[in-house]
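We will go from one stop to the next.

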Amino acid sequence: MTVDATYLVQLTLNGIALGLLYALIAVGLSLIFGVMEIINFAHGELLMLGAFAMAFVLPVTGLLYWPALAAAILAIMLVGWAIYEVLLVRLRTDEFERSILITLGLSIILIHLMQYFFTATPRLVDTQYGFNGVEIGSIRITWTRVIGAGAALAAFAGLYLVLRYTQFGRAMRAIAQNREAALMVGIRPRVVARNAVVLAAGLCGLAGAAIAPIQLVTPYMGQFLIFKAFALVIIGGLGNIPGAIAAAIGLGLIESWIGGFFEIAWQEGAVFVIMIVVLFLRPDGLFKKGGMRVG
Amino acid sequence: MKLLAAPLASMVAALLLAALPLVTSSNYVIGIGLSALIFTVAAAALNLIYGYTGLLSFAQLGFWGIGGYATALTVVTFGGNFWWGLLWAALVNAVLAIVVGYPTLRTNRHAFVIVTLTFALLVTLIARDWVSLTRGPLGIPNLPAPEAFGHRFAGTAQFYWVAWAFSVAMLGFLYALCSSRIGRTLVAIKQNEPLVRAQGIAPVPYKLAAFAISAAITGAAGGVYCFHLGIIDPLFLDFYYMQTFLIIVIIGGAGSFWGVVVAGVVMSALPELLRFSEDLRMVIYGAILVVAMFVMPSGAAGWLRERQLLRMREHVR
């Protein structure tokens, strides 16, 4: 097989764009796990709702990309807030299995309600950019992908600054590091947990809205992505945000390369094989030392 | 007297269930009975790993599907018979469970949940994409009826006996296992692992064994069920099955053998009653799951036990 350089670069760029979107989901999961020690099974459905929100808002704004994006993120943050106040607030930190089963129920409800109201027919989402793209030499990337990747990068930069320099973010890291000590200095776990869930939902809404013009939008789109996001959270180390981001970009690249050269079955199998190997070699994830333990 | 009551009641119930095809000739009703038997076995296997050992495994769905495919492929592609197919299904699954379980059980129970979940979804994708083996979305239709001693179990009513014999054997085995020293060790691991270690018992082999046995039984159950359907395709790995097993275990009461068996029979009939809309049925299932987790997190059996304890306490007072 001859390897065409243009093809390889194209695959690599697509892989990075894909990886950044995975990272948005995985980071949200990590954030919630770090603060509450629970796994949100319905996280993929938040992404799906984000994509649907984008699909519904775009025609209203006359296909303008940015206002629709903002509206979708806000909507999903509201959904996240509601999920926290109604369901998650009743969970204690040691109820890991219960958290999974409750959010699993929520995920079933969301998927099938969406399917009931809006059918399972895949939707194509059009934006002001259509299929236009940038061309560098013979490489071509659509604007929607470039913007999606850019927005994800901006979101990570924002997240880093928030976690590092604001009281809001420091409280989250404090709870993640030592719950009792955080309580003693007057940090309220309930408020911090709510903030974390809303923030994670916002990231997920951004991912969903950014994916909408790139992929077909269906009620099931979240399920396939969440499975990868779970694997990434394990590979990166549970609750480790930079680890999750690194693992996500790595996976995006590997998937893109494998998808370019091998059968599709290998592409899906890759993530699982990597996860098992990582668990064998480093049970606590690839990036245990260093980095910012969630916050 | 009280000691004999439970085995006696279960024997009577098993015999009554065996008589179902004699009472009704409706294939629809017998089909529901058959599903109830098989789902109960799969749920009891999930109960072994989740209820007794305390490890929430989503891999059951994967084992269920692999078992179905292994049995179907043994018969259709490799020219074996149904019984060998079931054996292969159990074996393949037990080996897979050990391969996946060993690295995962060394970490914490959080990682176990997530890895098993990804495993289940991976199996679905492979069933769909490995077309040369599984024939992809088309599936393998026209699975032949199994034979034994020159008798052909064709038709739902005949096949019901196969499923019945299988279920009674598996439930009997699981009951014996769960009420043995091994079962008690598993419960001890769930309740307090450090204490179990302090007693000189290594928990990992027990956990692995429970996972492998649970996988083997789930796989064989999947093998029987796909021959009831007569076809296997990637829809056999629909998450719906996993939800059914989970809901049976949770409603019945994780860690309670008879609670799960009773819930299995009752809950398998429920979806048929809810069959007015395919989509809303799943919404109701999700709602049952969420509400049950809040109202009675330890299931009907746990709820009854709590009430009993409360009454005893009042009595003492």
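Predicted model: local features only at pLDDT ≥ 70, side-chain atom pairs only at ≥ 80, totals over all residues.

Residues are numbered from 1 along each chain as its sequence is written, while chains are lettered from A and ligands numbered from 1 in the order in which they are written.

**Stop 1: chain A as a whole.** Select chain A and colour by secondary structure. There are 11 helices and two strands; helices (H or I, at least four residues) and strands (E, at least two) are DSSP runs, numbered from the N terminus. Follow the sequence and the pattern reads α-α-α-α-β-β-α-α-α-α-α-α-α. Along the principal axes, the C-alpha atoms fill a box of roughly 60 × 50 × 35 Å. The radius of gyration of chain A is 19 Å, which agrees with the value near 19 Å for a compact globule of 295 residues. That radius is taken over C-alpha atoms, and the globule rule is 2.2 Å times the number of residues to the power 0.38.

Stop 2: Select residues 133-136 and 139-142 of chain A. These are strands S1 and S2, antiparallel and joined by four bridges; strands pair if DSSP finds at least two bridges between them. Which residue is the bridge partner of A:Glu135? Look in S2(A): A:Arg140. Two residues lie between the strands, and A:Gly137 takes a positive phi near 60°.

Stop 3: In chain A, 52% of the 295 residues count as buried (20 or more other C-beta atoms within 10 Å of the residue's own, all placed from the backbone). Beyond its neighbours within four places in sequence, A:Leu232 is in contact with residues including A:Tyr22, A:Ala26 and A:Leu251 (contact: C-beta atoms, placed from the backbone, within 7 Å).

**Stop 4: where the chains meet.** Show chain B.

**Stop 5: confidence.** Colour by pLDDT, the predictor's confidence in each residue, from 0 to 100. Chain B averages 82. Among its elements, helix H1 (residues 2-18) has the lowest mean, 70, and helix H11 (residues 203-229) the highest, 90. The complex has an ipTM of 0.76 and a pTM of 0.81.

Technical notes: Buried ≥ 20, exposed ≤ 12 C-beta atoms within 10 Å, placed from the backbone. Contact = placed C-beta atoms within 7 Å.
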